[in-house]
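Visitor: Hi, could you walk me through this one? I'd like to start with the strands.
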Amino acid sequence: MNKKRFLSIALILVILLSSFQLGFAVDLDNLTEYEMNITLNTKIHTVEGEQKVIFTNTYNTDLNNLVFHLYPNSYESYETLPAIGGMYLMEGEEIPKLTEEQKGYIKVENVHINDKKVKYTDDNQILKINMDKPLKKGEKAEIKIEFTIKIPEGYHRFHHLEGIYSLTNWYPILSIYNEKDRKWDENPFNPIGESNYSHVSNYNVEITVPKNMVIAPTGTIIEEKENGANKTVSIRAEKVRDFVVFMSDKYKVKTKKVDDIKISNYYIVEEGKKDSKTADMVLDEVAKTVRFMNKTIGKYPYDELKIAETYLGGGAMEYPQAIQMGRYWDMEDINIEESAPFLIEAAVHETIHQWWYVTVGNNEFKEPFLDESLTVFTTAYYFEKEYGKNHENGIDFAIRNSIYPSNIIPLNSKVDEFKNWGDYGEAIYTRGPAFFEALKQNVGEEKFIEILKTYFEKYKFKNATIEGLLDIIDKVAGKDIKNSMEEAVTQPNYFPNDIELTQEEQEAYYRNHQKRYLRESEKRNGLIIGSIALRALDGENVIIVKPEYLSERDLMNFEGFTQMLLSDRMSGYDSKMKIKEEKDLTKEDKQSNLILIGYPIKHSVIKEMNPELPIKLDEETININEISIRNENVTGSFIAENPNNKDKLILVIFLYEDIDFEKNLSNDEAIIYESSLYRYDPMYSNDKQFIINTKDMEIQGKYK
């Protein structure tokens with residue numbers, strides 16, 4: 001081929017590809033402007049009004065029609081309802097009908113283009129407006145849409161309930177035109193996952209509400225004007241891909257500033273109830289997350305972020321400059337430095353969505369992996385960096401320990417290709433985040449963060465694609481890495497087994513998990529049988545006292561029981577629990593953490609301590625708080641402070657001496673079988689202070 005001709009063709013291709021990419025992205029100098037004037041009716045739970053949309057055709061083609069999404073119509077039936085986590089029916093159960101109160105929808109009343117009334121169709125969540133003449137590139141159109149919205153009662157993203165209003169995905173929003181396919185995006189809001197897809201735009205909104213309403217919107221409140229019993233609130237939002245409003249007369253607001261960003265938490269306070277610490281905890285964690293993301297990925301491009309408590313069920317949800325939470329619960333006694341409860345994890349997750357979806361957008365219907373899986377990964381990365389590698393919500397435990405091989409469709413699948421929320425969750429929330437951990441391990445943490453920073457800067461205020469992410473991986477990490485990650489995201493059954501926890505890491509995870517579990521149980525219940533296990537896991541020495549006298553049967557049980565405690569690599573007991581003969585115990589030993597196993601009337605240490613124990617083990621009775629149990633064929637276990645050293649604990653596991661065991665066994669009257677000792681494992685009997693087993697029943701509880 002002639003060299004000059006080759007260069008000319010190459011140049012033409014570059015120009016064409018460049019113009020295609022520019023057309024597919026939003027033109028930040030010609031953003032669509034939304035001007036809304038709406039009124040909330042709290043008696044019949046509707047929104048009425050109109051919006052004017054000033055749209056400039058920035059596409060490289062003439063437009064013969066315009067398309068808007070009408071997402072509220074997804075709330076018209078049970079089958080199309082976009083419920084977080086899904087709607088589950090028993091096998092054979094009929095699909096229920098929504099009541100009129102539960103239904104939500106939008107009714108378009110009139111449409112004008114450039115002040116001229118035009119025809120339109122309204123079907124399957126799509127408003128399609130035909131143009132009298134094609135709208136050419138660079139030309140503007142002013143579209144006025146009058147509408148009435150019915151707000152559904154319920155617990156979904158778009159709802160009202162008990163004075164709380166959540167207006168999300170609620171107004172006619174302009175679709176995106178795909179120049180390659182020469183089609184507008186007409187995907188409905190799918191019942192599984194999310195389906196948001198829009199360009200960033202500017203909004204000027206005036207909303208009239210009862211004057212006692214507190215409003216948490218996307219953007220900034222510019223002005224409030226009272227008019228009798230109502231007020232009109234003026235709001236401005238710039239470069240946002242959606243607009244939401246949360247409202248209630250029950251809201252109180254707490255505010256914090258981070259890196260010149262105002263973060264406000266709108267939380268519900270019922271009449272006569274006091275504030276809890278939960279609102280502060282959520283606000284603090286969101287502030288930490290914003291600071292972390294600013295430093296790690298890139299500066300949040302807006303000056304306000306709002307958190308709104310609502311009646312949302314099943315999770316939380318992200319929107320531009322706003323986070324929708326479900327109802328708060330009292331977290332006053334919860335320590336999040338080792339394990340974050342769902343409410344905190346959800347707040348962090350939705351905050352990170354402010355980077356992945358709000359700032360860097362994508363087609364959530366077509367490529368949910370891109371924002372959702374990356375957000376799950378980054379959430380785990382945040383907890384690891386903020387609280388340490390062993391945090392329950394960190395990468396090791398939330399991602400690496402959660403993956404297992406199973407059949408899944410490719411990570412780049414569309415939301416309507418998943419059969420149910422379970423399939424979607426496994427691919428997008430479990431295997432998808434593992435993709436990013438595998439990438440991090442392959443390229444190293446420094447280069448991985450460079451990939452994310454580059455991705456953020458390149459696609460800020462634009463809509464990214466998986467292909468675009470792979471191109472950045474190619475530029476930063478090289479062709480081989482890009483090719484392997486492309487295969488990972490496009491092939492079914494993706495499973496990166498090379499990132500699974502090692503055996504040593506699994507053991508450390510199990511021990512830390514057990515410690516957290518026991519510590520939380522002890523915090524709730526006070527001293528518990530599991531407290532002796534917690535002392536061992538925390539590094540204190542525990543002596544298991546081997547009694548001087550045991551029957552042959554009980555000796556075998558004792559050896560099996562202690563061998564289980566000492567040889568379980570996952571428990572971590574082996575280095576802190578030691579066996580010592582009863583006859584060899586020193587005075588110093590008797591001041592240690594002890595596990596005493598044996599017959600109360602023959603075990604010298606139990607007999608010695610018995611007068612000071614909370615449960616008295618006499619030959620004829622067992623006494624608990626002045627309640628007596630006849631000591632006939634009774635076994636049990638209880639925890640207590642060591643009478644010789646109140647800083648240490650003793651666990652007493654008392655047996656009964658069955659002289660006629662073989663006879664009783666043959667007569668099928670035996671009470672305690674060879675496995676009986678295992679029921680007193682301190683790791684699992686962790687929420688009570690004593691367990692007593694008689695012939696007829698088991699008694700559990702607390703003596704104080």
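Guide: Happy to. Two strands pair if DSSP finds at least two bridges between them, and strands (E, at least two residues) are DSSP runs, numbered from the N terminus. This is a predicted model: local features need pLDDT of at least 70, side-chain atom pairs count only at pLDDT 80 or more, and totals for chains, interfaces and linings use all residues. Residues are numbered from 1 along each chain as its sequence is written, and side-chain values use heavy atoms, with hydrogens and water left out.

Visitor: Thanks! How do β6 and β7 pair?
Guide: Strand β6 (residues 120-123) runs antiparallel to β7, over 4 bridges. T121 has K128 as its bridge partner in β7.

Visitor: And what sits in the hairpin between β6 and β7?
Guide: There are 2 residues between the strands, and N124 takes a positive phi near 50°.

Visitor: Which sense does β3 take with β7?
Guide: Antiparallel, with 6 bridges between β3 (residues 63-69) and β7 (residues 126-135). F68 is partnered there by L127.

Visitor: New topic: how many aromatic pairs are there?
Guide: The structure holds 35. Rings of Phe, Tyr and Trp (its six-membered ring) pair if their centres lie within 6.5 Å; planes under 30 degrees apart count as stacked, over 60 as edge-to-face and the rest as tilted. Y251 and Y266 are edge-to-face, 5.9 Å centre to centre with 70° between the planes.

Visitor: Are Y251 and Y266 buried or exposed?
Guide: Both are buried, meaning under 20% relative accessible area, where exposed is over 50% and partly exposed lies in between (1.4 Å probe, protein chains only).
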